[in-house]
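Welcome! Keep the sequence and the 3D view open as you read.

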Amino acid sequence: MKTRQLGDLKVSEVGMGCMAFSHGYGKIPPEQYSIEAIRNAYQHGCTLFDTAEIYSPNLAGIGHNERIVGKALKDVRKDVVLATKLFLGTWEAGEGSVYKAVRRHLEDSMERLQTDMIDLYYLHRTNGGVRIEDVAEAMGRLIEEGMIRGWGLSQVDVDIIDRAQNVTPLSAIQNIYSMVERDMEKAVLPYCMEHGIGVVPFSPIASGLLSGKITTKTKFEHNDDVRNWVPQLSKANIAGNQPIINLLKEYADMKDATSAQISLAWMLHKYPNVVPIPGSKNKERIIENLDASKVELTEDEFRSLEEALNQCKVYGHRGFNR
């Protein structure tokens with residue numbers, strides 16, 4: 001698979017979001033199935049694997065997903081880039097220093113991931129009670145100490161990015177981005193392009209909407225399924241967004257690809273610093289997503305797709321709040 005840069009980190013141009021093996025999309029698969037799925041992705045050329053301390057069947061719990069990822073990749077650790085995330089509570093910063101709190105979270109994640117270093121360490125969400133400059137300073141110390149190679153932020157705007165970047169340069173920003181969630185194009189993506197920061201879109205297929213496999217008849221019955229509240233997946237909004245699904249199907253047929261692959265190929269063509277991390281708990285779907293790297297749009301194809309997409313109204317908006 002072709003590669004891209006997230007700061008100084010070299011990764012496959014399509015990565016893998018691992019959350020679905022622990023929560024978020026209904027019943028989770030058996031652990032062995034999840035481990036095999038992650039190993040299959042590596043064997044297929046994926047080198048960026050994304051997890052978080054909070055991904056767990058019990059959201060009050062910690063580390064379920066990190067443990068699975070650690071088991072799956074321990075034998076190829078030197079050949080992959082591990083990305084994980086921490087939540088930082090206001091009370092933790094008050095216990096002493098932000099650095100001590102961040103390091104404590106990091107050491108726990110390293111133990112679960114069976115590694116002595118994390119390649120890319122994100123602050124999962126900002127907290128108004130903790131100065132982003134203090135987090136950036138802590139991450140800089142951890143880089144100097146060799147405990148992490150780079151750091152990032154998730155679901156942030158340009159103001160937060162700039163304040164952090166001025167203290168410790170960022171490797172990546174992980175925000176929601178897809179054909180139906182394009183807020184980042186206004187300011188975040190241009191800023192990141194200018195400053196050499198990678199962008200790692202999560203939910204790049206809009207929780208399955210852009211695959212064309214979800215219809216107004218689709219039901220999400222499990223309580224732990226984010227698709228129950230994703231705005232674009234209400235019955236009315238699925239119907240409203242059908243022109244976008246039809247457009248993707250047209251290009252998928254033309255390119256002998258799937259609609260999901262076209263949606264990923266679109267963002268890969270548009271921005272050289274973008275590395276999407278589609279997530280799935282299905283082995284076949286994971287490989288399909290990775291194979292989006294093989295789908296190349298010509299300049300004319302991209303331009304016509306972009307022009308047509310810009311004419312489509314998007315129904316439902318998730319934004320930074322979810």
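## Aromatic rings

The count of aromatic pairs comes to 2. To pair, rings of Phe, Tyr and Trp (its six-membered ring) must have their centres within 6.5 Å; planes under 30 degrees apart count as stacked, over 60 as edge-to-face and the rest as tilted. Y177 and W266 form a stacked pair, with 5.8 Å from centre to centre and 25° between the planes. Y177 lies in the loop between β8 (172-174) and α7 (188-195), while W266 lies in helix α10 (residues 259-270), so this pair ties together parts that are 89 residues apart in sequence. Y177 also pairs with Y271, this time edge-to-face, at 6.3 Å centre to centre and 70° between the planes. Because Y271 lies in the loop between α10 and α11 (283-290), the pair ties together parts that are 94 residues apart in sequence. Y177, W266 and Y271 form one aromatic cluster.

Y177 has a relative accessibility of 0%. Here, buried means under 20% relative accessible area, exposed over 50%, and partly exposed in between (1.4 Å probe, protein chains only).

## How to read the model

This is a predicted model: local features need pLDDT of at least 70, side-chain atom pairs count only at pLDDT 80 or more, and totals for chains, interfaces and linings use all residues. Residues are numbered from 1 along each chain as its sequence is written, and side-chain values use heavy atoms, with hydrogens and water left out.

## Strands and sheets

Helices (H or I, at least four residues) and strands (E, at least two) are DSSP runs, numbered from the N terminus. Look for an open sheet of 7 strands with parallel pairing, in the order β3-β4-β5-β6-β7-β8-β9. The edges are β3 (16-17) and β9 (198-199), each with a single partner strand, so one side of each is left without a neighbour in the sheet. Two strands pair if DSSP finds at least two bridges between them. Strand β7 (residues 148-154) runs parallel to β8 and is joined to it by 3 bridges, with L153 standing opposite I173 in β8.

Strand β1 (residues 3-6) runs antiparallel to strand β2 (residues 9-12), and 4 bridges join them. They form a hairpin with 2 residues between the strands, and G7 in the turn has a positive phi of about 65°. Q5 has K10 in β2 as its bridge partner. The covered face of β1 holds R4 and L6, and the uncovered one holds T3 and Q5.

## The nonpolar cores

A nonpolar core is a set of buried Ala, Val, Leu, Ile, Met, Phe, Trp, Tyr and Cys residues joined through side-chain atoms within 4.5 Å. Which residues have the most contacts inside the largest core? They are I38, F49 and L153, in a core of 91 residues. A second, separate core has 14 residues, including L6, A83, Y122 and F202.

Contact means heavy atoms within 4.5 Å. Leaving aside neighbours within four places in sequence, the contacts of F49 include M16, C18, I38 and Y42.

## Around H317

H317 sits in the segment after α12 (299-310) and counts as partly exposed, at 47% relative accessibility. Its side chain makes a polar contact of 2.8 Å with that of D183 and another of 3.5 Å with that of E181. A polar contact is a pair of N or O atoms within 3.5 Å; within protein, one must be able to donate a hydrogen and the other to accept it, and residues adjacent in sequence count only if both atoms are side-chain atoms. H317 and D183 are 134 residues apart along the chain, with 9.7 Å between their C-alpha atoms.

Not counting residues up to four places away in sequence, H317 touches E181, D183, P231 and Q232. With neighbours within four places in sequence left aside, N237 is in contact with P231, Q232, Y315 and G316. N237 is found in helix α8 (residues 235-240) and is buried, with a relative accessible area of 16%.

## Two positive phi values

S203 is not a glycine, yet its phi is positive, near 55°. This residue is found in the loop between β9 and α8 and is buried, with a relative accessible area of 15%. D256 is not a glycine either and has a positive phi of about 55°. D256 lies in the loop between α9 (242-255) and α10, and counts as exposed at 74% relative accessibility.
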